[in-house]
Each structure stands twice: as C-alpha cells, then as structure tokens.
Amino acid sequence: MTSILLVATSTSLLKVDTETEQVDVLDDRHGLYYGITWDRQHYLVAARWYPKWMPTSQIERPRLLVLDANFNVVEVREFGVRAGALHQILFRDEHLLCTCSRDDSVVVYHQGSWTVWYPSSDRRHHGRDTHHFNSVWIEGDRLFVVGHNNGPSDIWEFSWPERHLIEKHRIGLTAHNVWREGDSLAVCNSGSGTLENLRGEVLATTGGFPRGVVIGLDRNIIGVSWIANRSNRKQSPGRLQVFSKDWTLEKEIDLGLCGQVTEVRSLGEDLAHNGLPLPSLTSNRIAGAD
C-alpha cells in the first residue's frame with residue numbers, strides 16, 4: 001500500500017506521507033474541502049467555496065476542483081444543478097456521484113449532463129436536511145448511501161445502476177462512510193467515537209469524531225477530529241490514526257490546526273473507494289466537462 005494520502009479538511013486539501021509524516025498543502029483557496037475521488041485522468045475534489053467576508057454555508061459557492069496527475073488545479077467547475085453542503089463524492093462506472101446533505105440529494109454527472117437524485121421517495125424531504133446524506137459507495141450491483149439523520153443513522157442500500165431501494169440498515173449515531181468489513185458493512189460511528197459494523201460490534205475506538213476512511217490491503221487509516229460546533233471547526237486540530245488490519249492502532253499523525261478532517265483517500269489500494277488506477281497526464285478529458 002502506498003504511503004501517500006489525499007486528505008480534505010475544513011481549511012485545505014492536503015497530501016500526507018504516512019511514513020515520513022510530511023504534510024503538504026495542495027490548495028487552501030476554496031473554503032471547506034470534502035469529497036475526493038478520481039477518474040482515469042484527473043483528481044476531483046468537492047469544495048464549498050465561501051466568500052471570505054462571510055464564511056457561512058448559506059451563501060457557499062459549491063465547486064468541483066479538477067486536479068491533474070501532479071496535483072495542480074487545472075479547472076474550477078460550477079455544478080449544473082443545486083449542490084448544497086457537498087459531502088463525499090465517488091466516480092464509478094462513468095458516473096460522478098456527489099452527496100449533498102443540506103438538500104437531501106445526490107448530484108449525478110453522467111453522459112454529459114447533471115441530474116439531481118433524491119434517495120428518499122418522500123417529496124417532503126427533498127431540498128431539506130432531513131436525512132443528511134453524506135457518504136456514497138458502490139460494491140458490485142449495490143449502491144450504499146449513508147444518512148446520518150443528525151442522530152441515529154442508516155445505510156440505505158440500493159440496486160446499482162437502477163437505484164431502486166432494497167433495504168435500510170440502522171447503524172451508529174451521526175454516521176459517516178461505509179465499507180465492507182468481512183461479511184458485514186461498517187461505518188464511522190462518529191457520534192460515539194468508534195468504528196462499528198451492522199452487528200453492533202465495535203471494530204475500534206478512535207475517540208473524537210472519526211470521519212474519512214482508507215481500507216487498504218495491509219492497513220487501515222481513519223481521519224479523526226475534535227468534536228466542535230460548525231462555527232469553530234476551522235480552529236480545531238486534525239489527525240490520522242493508522243491501524244493494522246485487525247484494528248490495532250499503530251500510530252497517529254498530527255495534521256496540525258487544519259480544521260476537521262472530512263475525507264481521506266489513499267493513492268493506492270483502497271477497498272472503500274472506486275478501484276480505478278491513478279490519473280495520468282495522457283488525456284485532457286475532464287469528468288463533468290461538457
């Protein structure tokens with residue numbers, strides 16, 4: 001497993017070497033950073049670009065940052081539809097899926113156009129922060145979306161690519177992320193400072209507010225933040241916890257006063273991501289481009 005990670009935080013996009021523990025800032029000009037994914041040519045990062053004079057979610061300017069293989073921002077794209085409170089994003093099967101917690105939606109880019117998908121069939125929930133959908137992951141013919149509900153949380157399981165609801169699984173408190181752990185699904189039980197599976201088994205106790213997951217072949221990595229109100233999250237420190245595959249804590253990496261950690265992606269094998277090779281500089285095609 002490579003030692004290089006991309007980490008999104010309340011204030012910046014970071015590149016972190018877990019071996020040397022060197023932390024480099026790749027971008028800090030686009031407000032709060034969240035989802036990270038990539039297609040075959042570019043890294044894609046969700047950013048909530050607040051005006052400097054009024055850093056509030058009510059007037060954020062959501063953007064998709066497009067980075068080349070050398071981590072240079074080559075384009076800043078607007079979304080073609082409403083995308084309030086961007087959270088985790090995922091590129092898979094030529095679809096770019098972006099969770100938007102405040103709108104209770106998933107914004108989807110496919111075949112040259114943007115659409116808005118509401119996982120809940122209840123129209124009263126549409127455009128409102130009811131389920132706070134914040135995480136998305138695809139495994140085979142199943143699509144999983146986490147709704148943390150601002151309390152007791154659920155994993156919504158859909159067919160893929162049809163997106164027909166199959167089942168909802170109750171798990172955790174203000175949960176984030178979803179991945180396969182053995183024969184069960186697991187999440188960051190952020191409200192309890194633990195990692196937990198559907199059987200209620202605690203895989204690890206992180207303390208703080210766990211969010212952002214790498215599930216590698218030889219180790220796992222979790223982003224952990226101080227518990228803080230939204231108004232003071234930018235002033236809080238973040239860290240990474242590195243675990244063995246049996247969830248024994250090996251070390252912690254201090255990220256400094258980066259704000260809360262929102263996403264962690266490995267530039268190597270990551271069973272909680274899309275399985276695509278890293279971007280190359282051989283093509284100019286950009287996901288989300290017209």
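## A tour of salt bridges, core and cavity

Select Asp-122 and Arg-124 to begin: their side chains form a salt bridge, 2.7 Å from N to O. The model you have open is predicted. Color Arg-124 by accessibility and its relative accessible area comes to 62%. Arg-124 is exposed, because that value is over 50%.

The whole structure holds 18 salt bridges. Go next to Glu-21 and Lys-251. Here the N to O distance of the salt bridge is 3.6 Å. This pair ties together distant parts of the chain, 230 residues apart. Glu-21 sits in the loop between β2 (13–17) and β3 (23–27), and Lys-251 lies in strand β23 (residues 249–254). Both ends are partly exposed: Glu-21 has a relative accessible area of 37%, and Lys-251 has 25%.

Stay on Glu-21 and check its backbone. Its phi is near 65°, a positive value in a residue other than glycine. Most residues other than glycine have a negative phi.

Now select Glu-94. Its phi is also positive, near 65°. Glu-94 belongs to the loop between β8 and β9. With 36% relative accessibility, Glu-94 is partly exposed.

Move to Arg-199 and Glu-201. Their side chains meet in a salt bridge at 3.4 Å, N to O. Arg-199 is partly exposed at 49% relative accessibility, and Glu-201 is partly exposed at 38%.

Then select three residues together: Asp-141, Arg-142 and Glu-157. Salt bridges link them in a network.

**The nonpolar core**

Select Phe-79, Leu-86, Leu-96, Cys-98 and Val-107. Within the largest nonpolar core, these are the residues with the most contacts. That core has 15 residues. Show the strands around them: β5 (43–49), β6 (61–67), β8 (86–92), β9 (95–100) and β10 (105–110) each give at least two residues to this core.

Center on Leu-86. What does Leu-86 contact, leaving aside its neighbours within four places in sequence? Its partners include Phe-79 and Cys-98. Also among them are Tyr-34, Ala-46, Ala-47 and Pro-62. Arg-48, Glu-60 and Arg-63 are in contact with Leu-86 as well.

**The cavity**

How many cavities of 30 Å³ or more are there? The count is one. The largest cavity has a volume of about 50 Å³. To find it, select its lining: Gln-88, Val-136, Trp-137, Asn-177, Val-178, Trp-179, Val-213, Arg-265 and Ala-272.

Color that lining by class. Six residues are nonpolar, two are polar and one is charged. Next, color by strand. β12 (133–139) and β16 (176–181) each supply at least two lining residues. The largest share, three residues, comes from β16.

**A buried histidine**

Select His-148, in the loop between β13 (142–147) and β14 (152–159). Buried or exposed, at a relative accessible area of 5%? His-148 is buried, because 5% falls under the 20% cut-off.

Show what surrounds His-148. Beyond its neighbours within four places in sequence, His-148 is in contact with His-131, His-132 and His-176, among others. Asn-134, Ser-153, Thr-174 and Ala-175 are also in contact with His-148.

**Last stop: a cis bond**

Finish at Trp-160 and Pro-161. The peptide bond from Trp-160 to Pro-161 is cis, with omega near 15°. Most peptide bonds are trans. Pro-161 is in the loop between β14 and β15 (165–173).

Definitions and conventions. Residues are numbered from 1 along each chain as its sequence is written. This is a predicted model: local features need pLDDT of at least 70, side-chain atom pairs count only at pLDDT 80 or more; totals for chains, interfaces and linings use all residues. Side-chain values use heavy atoms; hydrogens and water are left out. A salt bridge is a side-chain nitrogen of Lys or Arg within 4 Å of a carboxyl oxygen of Asp or Glu. Helices (H or I, at least four residues) and strands (E, at least two) are DSSP runs, numbered from the N terminus. Buried means under 20% relative accessible area, exposed over 50%, partly exposed in between (1.4 Å probe, protein chains only). On a 1 Å grid over the protein atoms alone, a cavity is a set of points where a 1.4 Å probe fits but cannot get out, and a pocket is an open set with protein on both sides within 12 Å along at least five of seven lines; lining residues have an atom within 4 Å of a point. Grid points are joined across faces, edges and corners, and a volume is the space filled by probe spheres set on the points. Ala, Val, Leu, Ile, Met, Phe, Trp, Tyr, Cys and Pro count as nonpolar, Asp, Glu, Lys and Arg as charged, and the others, Gly among them, as polar. A nonpolar core is a set of buried Ala, Val, Leu, Ile, Met, Phe, Trp, Tyr and Cys residues joined through side-chain atoms within 4.5 Å. Contact means heavy atoms within 4.5 Å.
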